[in-house]
There are 2 protein chains.
Amino acid sequence: MTPHTRYRGLVTRTNSRRTSRRAVYETLRRKVLTLELPPGAALSENELAASLGVSRTPVRESLILLVEEGLVQVFPQVGSFVSRVDPGRVADAQFLREAVELASLEDLPAELDAELVAELRRNLDEQRRPGLTVEDFFALDEDFHHGLLRLAGHGRAWATVVSAKGHLDRARRLGLQETPPAGFADQHVEILEAVLAGDVARARAAMRTHLRAVFDDVEAIRERSPELFASASGTVPVRRNVVVWE
Amino acid sequence: MTPHTRYRGLVTRTNSRRTSRRAVYETLRRKVLTLELPPGAALSENELAASLGVSRTPVRESLILLVEEGLVQVFPQVGSFVSRVDPGRVADAQFLREAVELASLEDLPAELDAELVAELRRNLDEQRRPGLTVEDFFALDEDFHHGLLRLAGHGRAWATVVSAKGHLDRARRLGLQETPPAGFADQHVEILEAVLAGDVARARAAMRTHLRAVFDDVEAIRERSPELFASASGTVPVRRNVVVWE
DNA sequence: CGCGCAGTACTTGTATACAAGCATCCGTCG
DNA sequence: CGACGGATGCTTGTATACAAGTACTGCGCG
């Protein structure tokens, strides 16, 4: 239990040097989630590296992370592809999200953090501003739900939800290409009011209704655009020269 | 909407060539979770590569995945370290797990899958066998909880729970070095009986009691072995030549 | 004896080279 | 005309080389 050498002093002031992998990962993830890289698209590590001005290494490491999130599929010696929206994973994400967000409502403290509440109120005002773009709406929606979790002291659980709900988000975007849905803002208001009133049961009911509405949207989209979803029996990638949707 | 070239046929019969990265990742993850690589240990990519008989590439890619799970910390140009058990992440995992497992109990179908039920029964018999090792107990415990999720049709959500609860598992192992805890098997029995009786409320109560017992164990361990947990203010890695626990 | 500073050995991040394997293309043969 | 089969170009997986930066060591000096 004796140290081998002297302990000279504290190590490692936090090194926050920005690595290029982080930038590459965030870029690719954004492009996948915004459908700029659509489901089924072929991803060549070489091409991505060239277009991003880096080598294969950071690209490859980013793809590995995206595989972990289920957003990309890699077939050794064959190719890498943006994964089709998997209805199974969408359902998984829906279940996970519902479980977490409903459970957090039961952990709300008696005295809510005033700063957080003010933030949520400002968020809702923004949501009802006319002329909101789809991008803005999604960002506000994310912040609102994240804020509710933080209110209950479970803010970090949001990261897990985020990484699991990639498929869910893509499906939602498929259906919300043009205008933000007006009804969702009202549902958000209802949830927050119930929370502020300390009515857990009502908040849970409102939240469940809200999340289920999102899920139903996805089901409708699936009927409209089945080609963007994974087939039931295994996922078959699309070769580059077989353009399915152009 | 016309293909550029003919569609020749089906692509990619599932290539299941075993990559060395997968083996390296599983090895490292196991060593971290079983505390063979204890919290705070320094990990040199070069040393790991040499000892595993591969190059830095698969080692490095595995470490990236472990970072994503929070089991490893990498400081650029400084070093890589097995992360200390972070009480915050333990609490997060506890919350996530409780939310998911309790929610799944509400989704149990009226007719339970007979094969799964039989499997759970066999599992419980095994748990009560005398002379059970700690390793066996953990494996059975995992299977039992996973099986309950599958019973509700949410088996895939287990993967998310697993990747989030690495810190929780390490803390539990710290406390269960010698003998499997006898009480847990009884709690499992109670849960399954309530499920089979179709009594959701009782099943939820039993599950909550069970999971909270696990969590309380962790708290006790923290008081006993604080040096294995992360300090409150930022995580300070341990240099190789400063042996903390040997 | 204590302090400061430069050298050195180590770290991870990135780029590149090579290996193994699959899909396609195209000529050949029946 | 159709089918088979090898050459070819692509893919990802792995190994290695180099770059940038940190921490430790040990000497010199006060």
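Modeller: Buried residues make up 48% of the 246 residues in chain A. Keep in mind that this is a predicted model. Chain A exposes about 12,400 Å². Carbon and sulfur atoms supply 50% of that area. Now take contacts in chain A between residues with a separation of 6 or more. Of these, 75% join residues 24 or more positions apart.

Next, the secondary structure. Chain A has 10 helices and 3 strands. Read from the N terminus, the order is α-β-α-α-β-β-α-α-α-α-α-α-α.

The strands come next. In chain A they form an open sheet of 3 strands, ordered β1-β3-β2, with antiparallel pairing. β1 (42-43) and β2 (72-75) of chain A stand at the edges. Each has a single partner strand, so one side of each is left without a neighbour in the sheet. Look at one pairing. β1(A) meets β3 of chain A, residues 79-82, in the antiparallel sense, over 2 bridges. Across that pairing, A42(A) stands opposite F81(A) in β3(A).

Now the loops. L35(A) sits in the loop between α1 and β1 of chain A. L35(A) is not a glycine, yet its phi is positive, at about 70 degrees. Is L35(A) buried or exposed? Its relative accessibility is 14%. The limit for buried is under 20%, so L35(A) counts as buried.

Q77(A) is in another part of the chain, in the loop between β2 and β3 of chain A. Its phi is also positive, near 65 degrees, in a residue other than glycine. Q77(A) has a relative accessible area of 68%. Exposed means over 50%, so Q77(A) is exposed.

One helix residue is worth a stop. A220(A) lies in helix α10 of chain A, residues 200-224. At 44% relative accessibility, A220(A) counts as partly exposed. Along the chain, A220(A) and G175(A) are 45 residues apart. Their C-alpha atoms are separated by 8.4 Å.

Now to the DNA. How many residues surround DNA strand C? There are 28. The closest are S20(A), S55(A), T57(A), R60(B) and Q77(B). By class, this surface has 8 nonpolar, 12 polar and 8 charged residues.

Which parts of the DNA face the protein? Take the atoms of DNA strand C within 4 Å of the protein. Sugar or phosphate holds 67% of them, and the rest belong to bases.

Some atom pairs show both kinds of contact. At the phosphate, a backbone N or O atom of S20(A) lies 2.5 Å from a phosphate oxygen of DNA strand C. At a base, a polar side-chain atom of T57(A) lies 2.6 Å from a base nitrogen of DNA strand C. Chain B takes part too: an N or O atom in the side chain of R56(B) is 3.1 Å from a base oxygen of DNA strand C.

α3(A) gives the most, with 3 residues.

Methods
Residues numbered from 1 in each chain as written. Chains lettered and ligands numbered in written order. Predicted model: local features only at pLDDT ≥ 70, side-chain atom pairs only at ≥ 80, totals over all residues. Heavy atoms only, no water. Near = heavy atom within 4 Å. Polar contact = N/O pair within 3.5 Å; in protein donor to acceptor, adjacent residues only side chain to side chain. Helix = DSSP H or I, 4+ residues; strand = E, 2+ residues; numbered from the N terminus. Nonpolar A, V, L, I, M, F, W, Y, C, P; charged D, E, K, R; others polar. Pairing = 2+ DSSP bridges. Buried < 20%, exposed > 50% of the residue type's maximum accessible area, 1.4 Å probe, protein only. Contact = heavy atoms within 4.5 Å. Areas by Shrake-Rupley, 256 points an atom, 1.4 Å probe, with all protein chains shown as cover.
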